[in-house]
Amino acid sequence: MSNINIRNFCIIAHIDHGKSTLAARILEYTKVVKNKNKIHQILDAMELEQERGITIKAKTVRMDYIDINHKRYIFNLIDTPGHVDFSYEVHRALVACEGAILVIDATQGVESQTIANTLLAKKAGLYIIPVINKIDLLNADTTRTIEQIKHDLKIYTNPILVSAKKNIGINKIIDSIIINIPQPKIILKTSLSAIIFDSFYDQYRGAILLIRVFQGCITKNMKITLISSKIDYKVLEVGYIQLTMIESSFICSGEVGYIITGIGLKDIHNIKIGDTITESKNKTQTIRDIDNNCQISNKITPFLFAGVYSNNVSEYKNLQVALDKLQLSDSSFSYTTDSSKFLGLGFRCGFLGSLHLEIVKERLEREFGLSIFITFPSVLYKIQYNNNVCTINSPSKWPNNIKIDKILEPYVEMTIKTPVRYLGVIFELCKNKRGIQKELKYINSLNIMLKYVMPLSEIIVNFHTILKSLSSGYASFTYQHIGFKCSNLVKLEILINAVVIDTLTTIVHINKAYSTAHSLVNKLKSLIPQQLFEIPIQAKINNRIIARANISALRKDVLAKCYGGDISRKRKLLEKQKAGKHKMKKFGKVNIPSETFINLFKIT
């Protein structure tokens, strides 16, 4: 170990700044992959990542590199996501590193997530190497980007100018990694101390833990203890990841690798991201033995909540198992059991944003073969009443029959970039979404940047689709959470045949209550099939009906057998039918097929 130089670093950037392409070029330069197999995003192996062109899951890879002086290095690289919904992946990756490559697009400059990731890296005490990417493009503005790095990020190191696509400047990044990123502290002659920074589930081998070793060594057949759960396990396999898992005899201080302990589905909840691993004979060791900068916060606050239900009731257990496995690889996703009178058993899930919700849904369907649907997303609300504050994540939990003093909902600061010709329709869209304009700045003569403060609830469903539609696909947006603000909100309840449907309850702004109510009522009228009696569909706020639609009853032609005759006989048959319909309406139950909810909750 003393003859080997280790460099642990991650790549951080705003979304679509060329981070994964740069990672691929570094892998090629260090001969981990061959140029003949050149792929722009080697580490984005997930089908969803390739389809969407984004990084969803942080990836770890080890590179063995020998420089021109025949000096051997071990590079441990972690490629991280750039979208705000996956910022927790970045936070976890920083724990295993001493340095970070900060990638900035020369055409876009410093953006919101660039600043957020830089602050995280500085807080973790990492050495930051600024890299300006895409310098080969005609609209690249390196001078402006360099000024932004100094002014906005307070980084005064000269940035490295590269083009990952054209393979320009990669050698300079490697040299900077060797010279500037510090060697990790190698502490061998002491007890084991390692931290779990990621994990995933293998169908045949159980839970696989990705770890960074800070002290001592971890070897095969060693008995270890997870500090938080205080449970002992035997290490069945130890190794490192070099695109594939490669078994090794040991992993020592300063290294990044994986261990397999045979943890199956029953014990999967014992794994906590950020937990400390020590040797079982040293159980007195605690997490304070690790530097405070190298700890992962277990407090993850979801911003978005939705119900997840299986289309097939018999698949409830399969859905629960799938959520357990998914949470192992995505600890920012949370869930609790939930139930509905109309939807049956399901789960109330917490997400970090709308993209996170979409990705979880897609992964459940593709990776686990499940057929699911997701209810209307909602956000976290804070309600103040009688000097008390309650926090709710589901509209059905909204307090009734109390005087509410104040209602707070989460707000975001949104940055929209669009061609100037679409400015009018985007102004109208943001106004309809209760947005307050804070800034308008021309990027150049053709493009403009807008900054809005807007409620999170207004952008969680279809905002991206509408924005792309209005701008012919040219506009883009990002957002940052800025806290809670007071709003005039009300609970909108839907009644079908005078029965409140808990799943359809939603929270809306008072100015949108009537339009939302009429929209829901009319959509339900078109989705619910006719019954043998008339069905009233109503929407109410504070026990006051504000919208109504009726589904007419299916009627049998009781006069079909009457061929003439006295009118009183026909009237008698019609009155009898009417009385029967009235009785059924009073005692009958409306049969709402699951397809109705699926079509109503469909997120496009």
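**Exercise 1. Confidence of the model**

Task: For this predicted model, state what the mean pLDDT of the protein is and which elements have the lowest and the highest mean values.

Solution: The protein has a mean pLDDT of 84. A value of 70 or more is reached by 87% of its residues. Turning to the elements, helix H2 (residues 47-52) has the lowest mean pLDDT, 65, and strand S6 (residues 160-161) has the highest, 96. Finally, residues 286-293 stay under 50 in pLDDT; for this stretch the model has twelve contacts beyond four places in sequence.

**Exercise 2. The setting of Lys540**

Task: Locate Lys540 in the secondary structure, decide whether Lys540 is buried or exposed, and identify its contacts.

Solution: Begin with the element: Lys540 belongs to strand S31, which covers residues 535-541. Next, consider accessibility. The relative accessible area of Lys540 is 14%; buried means under 20%, so Lys540 is buried. Then examine the side chain, which makes a polar contact of 3.5 Å with the side chain of Asn543. Lastly, set aside neighbours within four places in sequence: Lys540 is in contact with Lys491, Leu492, Glu493, Leu495, Val500, Ile545 and Ile546.

Methods
Residues are numbered from 1 along each chain as its sequence is written. This is a predicted model: local features need pLDDT of at least 70, side-chain atom pairs count only at pLDDT 80 or more; totals for chains, interfaces and linings use all residues. Side-chain values use heavy atoms; hydrogens and water are left out. Helices (H or I, at least four residues) and strands (E, at least two) are DSSP runs, numbered from the N terminus. Buried means under 20% relative accessible area, exposed over 50%, partly exposed in between (1.4 Å probe, protein chains only). A polar contact is a pair of N or O atoms within 3.5 Å; within protein, one must be able to donate a hydrogen and the other to accept it, and residues adjacent in sequence count only if both atoms are side-chain atoms. Contact means heavy atoms within 4.5 Å. pLDDT is the predictor's confidence in each residue, from 0 to 100.
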